[in-house]
Amino acid sequence: MPTIDIDSYHRDGYHLLPGMLGTDDHRQAVDFFDALDAADDVAPGYEAEYDEADGVRRLRKLRRLIWNDPKVWGPILNRTGATDLARQVVGDRAAVVFHAAFLKPALVGTEVALHQDQALWTYTYPKAFSVWYALTPVSPANGGLFGCPASHAGGHIPHRDRPHYRWHASLDVAEDGLREPVQFDLSPGDAVMWDRFFAHGSAANTSPDDRRGMVVVFADASDPEFRAKDSFLLDDLAALGTA
């Protein structure tokens, strides 16, 4: 089971998880996304988004991974220890509410503006946290991944639409009084977890190398306020095994 300093996580809003994804699982995930990126069409169930520039069209985001292919992703998530981590942080009635890939392709990968996940979700997800797995090296050189320590402490921060950014409303470090972001320098297989109110984002990828990641989000399905379009209970996830 992944070992975390729960006090540090609650203080900072995030926690690094080195070496969470094994070599074989990493390779399987990369091959899976390579195949979809090269395909002429992606099944509608993945709700694919694309980055496009200068005649290049590459996958930007894929959603609902475990719902589309539970026999692939269930064992991988279980082998990483994500199920045990969710029991530790949320409890036995934790459930997966999102499972997606963020593929930030070489040269055309667009930025992800600073935001809190909960601010962009349709439903309130009690105790929700994300586990973001690096599938390639992740650093400022290829768009990176960054977040503002303790930005979760005050809960929801109002987000604003910005004319230059089309994907979603966002935050600004100076305007919103946030601490300067820290960059997460990750190797393939490393992960980072964060609270639903932790402000994070990434830059555009102008490098010749893809910057790929995968995220799974757990929330507390036992909470009376819990609602979800899709959810996958821990017991159902554990039942998919590790083989």
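Which residue, with a positive phi, follows α5? I will come to that after the overall picture.

This is a predicted model, in which local features need pLDDT of at least 70 and side-chain atom pairs count only at pLDDT 80 or more, while totals for chains, interfaces and linings use all residues. Residues are numbered from 1 along each chain as its sequence is written, and side-chain values use heavy atoms, with hydrogens and water left out.

First, the chain as a whole. It has seven helices and 12 strands; these are DSSP runs numbered from the N terminus, H or I of at least four residues for helices and E of at least two for strands. The C-alpha trace spans about 50 × 45 × 30 Å along its principal axes.

Of the 243 residues, 56% are buried, meaning under 20% relative accessible area with a 1.4 Å probe, protein chains only; over 50% is exposed, and in between is partly exposed. Contact means heavy atoms within 4.5 Å. Among contacts with a separation of 6 or more, 82% join residues 24 or more positions apart.

Now helix α2, residues 23-38, where H26 is placed. H26 counts as buried because its relative accessible area is 16%. Beyond its neighbours within four places in sequence, H26 touches L21, A134, L135 and P188.

D37 is in helix α2 too. Its relative accessibility is 17%, so D37 is also buried. Setting aside neighbours within four places, D37 has contacts with R58, L59 and R212. R93 is another matter: it is 56 residues from D37 along the chain, and their C-alpha atoms are 34 Å apart.

That leaves helix α5, residues 82-89, whose buried residues are A82, T83, L85, A86 and V89. Seen down the axis of α5, they fall within an arc of 160 degrees, so they line one face of the helix. The arc is that of the directions from the helix axis to the C-beta atoms. As a reminder, an α-helix has 3.6 residues a turn, so residues three or four places apart point the same way.

Back to the opening question: the residue after α5 is G91, with a positive phi near 130 degrees.
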